[in-house]
Every structure is written in C-alpha cells, then in structure tokens.
Amino acid sequence: MAATQVIRSEWTKIRSVASTVWTLSLAVVVTIALGMLISALSKSEFDDMSRGDQLSFDPTFISFAGMSLGQLAMIVFGVLVVGNEYSTGMIRTSLAAVPQRGTFLFSKIAVATGLALVVAMATSFVAFFLGQAMLGEHKASIGDSGVLRAVIGGGLYMTLIAVFSMGVAVMLRSPMLSLGILMPFFFLISQILGNVGATKTFGQYLPDQAGSRIMQVVTPLDDDTPYGPWGGLAIMAAWVVAALAGGYVLLKKRDA
Amino acid sequence: MIELEGLTKRYGEKVAVNNLTFAVRPGIVTGFLGPNGAGKSTTMRMMLGLDRPTAGDVRIDGQHYDRLKDPLKYIGALLDAKAMHGGRSAFNHLLCLAQSNGIPSSRVHEVLETVGLTSVARKKAKGFSLGMGQRLGIAGALLGDPRILMFDEPVNGLDPEGIHWIRNLMKSLAAQGRTVFVSSHLMSEMALTADHLVVIGQGRLLADTSMADFIAQNSRSYVRIRTPQRERLLDVLHGAGITVVEAGGEVLEVDGSKSERIGELAAQHQIVLHELSPQRASLEEAFMRLTAESVEYHAHSDAPLEQEQREPWGDGWRKD
C-alpha cells in the first residue's frame, strides 16, 4: 500500500467535509480578533499599570492573547478529523480500504497536521502584525530579539494543540467524550494547575503550559520556570508523541 | 475464494463465532444464513481484518486481508450502509476510497452510474434514504472491480424494486465468475438468490450445502389432519402401517402425500375429520427448525411461529 495513495485519499476526506472549514476559520478569526482587542485594551491601560508590569510588558505575547480561545477551535478541528471516522462508522470502510492501520493513521495525521500548520502559521503572523498595529508606541518589531521565534512558535503551538487532540481522539474514539475532556482541560483546568502555587511544579509541565512559553519574548520578573522557550515546546511535543503513540497502539490492537 | 479455518471470536466469556471452517467458492452466490445475533456480521468483519479472530484464520485468495495490496481490487464489501460520513458527497466518499487503492476517478463515475446514483453524486450522503445509502455502499464495493464481493444484509430497508435490482446484480456478478458472499436472516430471500448455503447459529456451523440439496432435504410434504376422534384414527392409521406425528391439540401430521388413503381409511371406519389437507413445509420452517436450538433471543409465545409456518415460502421478504 503506497502511503502517497492514502495521503491523497485523506486529503480528499479532509477537504470534503464542512467541519474542516468552519473549525479552522473559527480558529483564525477568534485568535486574530481577540488578540487585536486585548492589544488595543492593553495600549489604553498601559499608563495605569504598575512599574513592574510596565517593565515586563510583552507586546508579542499580548498579541497572541486570542490563542487561549482560538486553540479551542483547533482542538475541535483535531478531534473531528479523527473522531468523525468513529462517530459516523466510516472507520470500518476506511480500514477495509487501508488495512495497514499505521499507514492509515499516520497519513491522516500527516494531512491534518500539514493543513493545521499552514493555517496556524498564517494566523500567528497575522495576529502578531495586527496586534502590534493596535499597540501603537508599545509595539514590538519582528526584527527584535526573540520575536520571530515567538511568532513562529505561536504557529507551532497551535498546530501541536491540534495534533495532541487528534491523538486523544484516536484513543477515546468518541468526539463528544474527547471534546468534553479536552475543552475544559485546556480552557480552565490546565490554567489553574499551571498557575496556582501548590500545583505549579507539576502544572507547568502540562502541554499547553510548557508549549506557550515559546510565545513569550519578555520573561516575567519573578520567573523561575525550569525550561526555556524551545525546552517548553519540546515538552509539549513529547506530550503529542505520547498521545499519538497511545492512539497508534490502541488502533493496532482494537477491533474496528 | 474465501477460506475460513477454525475461525473463532470470543468476547470475554461469550463465544460469538465458534470454530467456523468453510470455503466460499467463485462463480456462485453463497448465502450466509443465520438468525439475528448468530455471528454473521462478526464473521464478515473478521474476513475484512476489522476484528481480530481469537483463534483460527481467514484467507482471501490464499492471503491474509492485511497483506493484500490495494484490497478493494480483491474484495469489495458492503457491511453497513451507514458506515460513511454523512457530510461528504457521494462522489467524494467514493473518490477517497478510490484514491486510497490507486483506482482512477473515472471508475467512481462508472460505479455511480451502475448503482443509479449519478444524479445525486454531489449530494451529501446524510440526505440519502436507506435504499440510496445501500446503493452507495454497493458502489463502494464494486469500485475496485474485485473478484470477491461480500454483502451483509443487502436487502434490508430496500423497496421491492431495489430488492429485485440487488438480486439480479448478485446473480450477474456470480455469472461473471466472481465470488459472491451474501448474508441474510431470511431463508426466503436466500432461496431466490443463493446457489450454496452456509447456515450458522450461535456462531456454530449448522449446514454447508448446495441450495438444491437443502431444498430436497428440507421441503418435506405432509398431510395435516384434525379430528375429534383422535385416538381411534391413531389406531386405524397404525393398523394400516402409517406413521403419525402428533402435532399438538387435535392435529396430526403424516409424512408424504397420502391424503387419499387417509380419507378412505377414515370413511371406512366412520371417523369424523375436520381437516384433511396436504401441506408443503416451507424452507423458512426448515431453517427455523435447523436453528431452533441456537436462536439467541426467543419470542416467548409460540403462536407467531405457527403463523409463519402456514405461509408459502418466498413470501417472507415482503414483510421485511
């Protein structure tokens, strides 16, 4: 079974359902619009901030504020790409056509990841430039130290969130269950675990907490995070690999 | 050619498929018959490598399913008409299957034409009726022009015209020398399409026989008698060397077509008869007798069974 055949097939699948368009469009619009809004608000409130807050003001990171909500749409994208196979029963037709389950799974993941990467990278750049436009005199420039890394990192972060969701959806097989776990986890629980003193030592290793580090250009004053921007992204990537490996093992083993 | 060798599937304690060994040969329609829950679908899923056997083996043209390069070119299957993404158009559904097996997209148009869905090719599958869904599923099975075709309950939900179409399709596929394997829980449907029968019940093989043999063995004729003077008639018939089966109530049954002789004997001995009727047991009845012990979910009353027995065979599918 040639993997290129399966990749073409998966591309047909992904472009022929409406959920692909609306989840990705939502991710783009929400991330950019919310980023612009929060950038504009930050600009107007800058003068009222404490001296410390002004010193650690991170215009790049501010322009990515919309990702906290936009990533949820990326999660929905990732979950539906995989989960729809199960919820519709298509998985049996798909695996009868491509019985090599590894080839099937990784072709699907590759196509969905490629598409997510293109969209996420474009979103990240647009969110950065429009956000900076809102920030006026407080803006960062793409040429400043660490900024380009943060902008590219923003695209990688959103992509990895989607891929992680795909892995979870393969393991759980149900889109509703996957969304029911992933959405509150990334929107609330991980934020709390990663920022509350008691759980922070553990919470900061959660995929989104570690991965979002790459979007910071100015480190906060009291920062004691034990990893750097790329270290954080590597931790997130490790979570993604683990989710995919878990999904692969279960897919290999289970009856379809 | 599909070969099963001791195929077994266990779910915990429950044995769904129990040590099945049989072969499905090319050039004929092989009916795979069993009551609901007999393990037909599980067996078919194992044939396609979707479910893993607990023990035993299935081979498609001598190979394991997952060893086939571009399997849709060897074997096409309709398992479940709903096994597709409803948001995708009929054309795109078939296109993604075709691409995964290196089948040209021109073939998608051909099979859509074959099943009569060309006019709705760009419509989303979720708007399809059950019959249209079945047709789309069958289009998917035909896509790779395979030598082996497998249909799980293909007439379910089809209107009479659709059923007629499916029967002819299966027969013509077999006539082209292909292997056609079709499951059903309706004996009457099989009687019209299948050349060979594989019957299972509770996962076990009950029969593997040609349709002609099955009919010869199982469509027995008998005479049905009702009389208020049961004991006397029994004595008289015994005296004449005729074997009688007591079928409950005041009903007696005598094998063969001896109604004239029985009528004459009754007249001689002045026995009153309320009924004396030659009967022909339906294949449906033979099938039910064969699978009686292995039906998993019995209805509690025997009355409906009596009803079914009186119908001429071949009528069953009209109700479903």
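**Figure 1. Chain A of the predicted model contains 12 helices and zero strands.** Helices (H or I, at least four residues) and strands (E, at least two) are DSSP runs, numbered from the N terminus. The elements of chain A, from the N terminus on, run α-α-α-α-α-α-α-α-α-α-α-α. The radius of gyration of chain A is 19 Å, close to the 18 Å given by the globule rule for 256 residues, so chain A is as compact as a globular protein of that length. This radius is taken over C-alpha atoms, and the rule is 2.2 Å times the number of residues to the power 0.38. The C-alpha trace of chain A spans about 65 × 35 × 30 Å along its principal axes.

This is a predicted model, in which local features need pLDDT of at least 70 and side-chain atom pairs count only at pLDDT 80 or more, while totals for chains, interfaces and linings use all residues. Residues are numbered from 1 along each chain as its sequence is written, and chains are lettered from A and ligands numbered from 1 in the order in which they are written.

**Figure 2. Burial and contacts in chain A.** Of its 256 residues, 48% count as buried (20 or more other C-beta atoms within 10 Å of the residue's own, with C-beta atoms placed from the backbone). Of the chain A contacts between residues at least 6 apart in sequence, 81% join residues at least 24 apart; a contact requires C-beta atoms, placed from the backbone, within 7 Å.

**Figure 3. Helix α2 of chain B (residues 90–100) is largely enclosed by the rest of the structure, because 11 of its 11 residues are buried.** The buried residues include B:Phe91, B:His93 and B:Cys96. Packing against the buried residues of α2(B) are α1 (3–15) and α6 (90–97) of chain A, together with α3 (105–115) and α4 (130–142) of chain B.

**Figure 4. The residue B:Gly102 follows α2(B).** The phi of B:Gly102 is positive, near 65°.

Notes. Buried ≥ 20, exposed ≤ 12 C-beta atoms within 10 Å, placed from the backbone. Contact = placed C-beta atoms within 7 Å.
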